[in-house]
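Biologist: Hi! Could you walk me through this model while I have it open on my screen?
Modeller: Happy to, let's take a look together.

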Amino acid sequence: MTSGPDPDFVLVDWLSTSPFSDSAKLNYQREVDRWIKHIGNRVWTASGRDVKHWTAGADNARTRAFLVSALRGFYQHAQTLDPDIINPAPKTLRPSVADLPGRPALTRAESTLYVSALDRYDGLMPHRARALGYLVLGRGLRAHQAVALDVEGIVREQHRTTALVTLKGGGTEFQELPPPVALAVEDYLPHRRTAAPHSSPEAGPLLTSGRGRRLDPAPSVRDLLRAVASTHPQLTHLADTLTADGLAASPNPFLG
């Protein structure tokens, strides 16, 4: 094996430091472990062709997308331990989320209608639902990225607001929030539920449950987003199939 970190250690370290749900961690662990056994001594010298060949055996596009994402995240974390490692799983190998069955993206007109639905929603904790929807649709965050946001990671500067976003494969970076998204977050903060030791007005998860805990990425986020769609007469036909991934892949209504 070429020099590099122990791949089993990298896998455990990646999953233990990432904000994935327990089920996601189990799935990532299973598939990356399978890849490590498949590729053997070439784990740190594998190529995109190796990844493409391995994922080609998947039953469908959704599974293939998941496998590419799993390997991409694993190698991105490995690069934090050894920057000389090359990631053999580029984004181009992953099918577009918008094209995956069961995860339809909205049209531009539907995105605009969804914003209207968010603004008028008066269901459970409406300010939270609005902030969540704006973050997913207006910033393009996936469910796990939205719920991983912390209050301390929201930075307000003179002319802009940024949020410390957890990247899909691990690590974080500050991303600017479009003004409407930043305003939706600000409007939500006075209504945010907190409870020690899980959260406080100054710290802890941004999106909280009624008991002040971090919101569960699945199925809570999906159910909230579908509940909003179900209140709009022109979106009710989408409510049962809407997902955070599909919404994140939809045209951003705040970018013209």
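Modeller: Let's start with a helix pair: the axes of α3 (residues 48-55) and α4 (residues 61-81) come within 10 Å and cross at roughly 145°. Keep in mind as we go that this is a predicted model.

Biologist: How do α1 and α2 cross?
Modeller: The axes of α1 (residues 7-16) and α2 (residues 22-39) come within 11 Å, with a crossing angle of roughly 165°. An angle over 145 degrees counts as roughly antiparallel, and α1 and α2 are therefore roughly antiparallel to each other. Their crossing is right-handed.

Biologist: Who makes the contact between α1 and α2?
Modeller: On the α1 side, P7, D8, L11, W14 and L15; on the α2 side, K25, Y28, Q29, V32, D33 and I36. By class, the contact of α1 with α2 has seven nonpolar, one polar and three charged residues.

Biologist: Now α5 and α9, please. At what angle do they cross?
Modeller: α5 (residues 108-120) and α9 (residues 220-230) cross at roughly 95°, and their axes come within 8 Å. The two helices are therefore roughly perpendicular to each other. Y114, A117 and L118 of α5 make the contact with L225, V228 and A229 of α9.

Biologist: What classes of residue are in the contact of α5 with α9?
Modeller: There are six nonpolar residues, with no polar and no charged ones.

Biologist: Staying with α5, I was looking at S111. Is S111 buried or exposed?
Modeller: S111 sits in helix α5, and it counts as buried because its relative accessibility is 0%.

Biologist: What does S111 touch?
Modeller: Leaving out residues up to four places away in sequence, S111 touches L106, L137, S250, P251 and P253.

Biologist: What follows α6?
Modeller: G140 follows α6, and the phi of G140 is positive, near 75°.

Biologist: Which residue other than glycine has a positive phi, near 45°?
Modeller: That would be M125. You'll find M125 in the loop between α5 and α6 (126-139). M125 counts as buried because its relative accessibility is 11%.

Biologist: What about P126, buried or partly exposed?
Modeller: P126 lies in helix α6 and counts as partly exposed, because its relative accessibility is 26%. As for distance, P126 and P7 are 119 residues apart in sequence and 44 Å apart in space, C-alpha to C-alpha.

Biologist: New topic: which residues does a cis peptide bond join?
Modeller: The cis peptide bond joins A196 and P197, with omega about 0°. P197 is in the loop between α8 (179-188) and α9.

Biologist: T194 is in the loop between α8 and α9 too. What does T194 touch?
Modeller: T194 touches S199, S200, P201 and G212, not counting residues up to four places away in sequence. T194 is partly exposed, with a relative accessible area of 33%.

Biologist: Last one! How far is T194 from L132?
Modeller: Their C-alpha atoms are separated by 17 Å, and the two residues are 62 residues apart along the chain.

Conventions. Residues numbered from 1 in each chain as written. Predicted model: local features only at pLDDT ≥ 70, side-chain atom pairs only at ≥ 80, totals over all residues. Heavy atoms only, no water. Axes fitted to C-alpha atoms, helices over the stretch in contact; angles between N-to-C directions. Helix = DSSP H or I, 4+ residues; strand = E, 2+ residues; numbered from the N terminus. Parallel < 35°, antiparallel > 145°, perpendicular 65-115°, else oblique. Contact = heavy atoms within 4.5 Å. Nonpolar A, V, L, I, M, F, W, Y, C, P; charged D, E, K, R; others polar. Buried < 20%, exposed > 50% of the residue type's maximum accessible area, 1.4 Å probe, protein only. Left-handed = near helix turned anticlockwise from the far one by under 90°.
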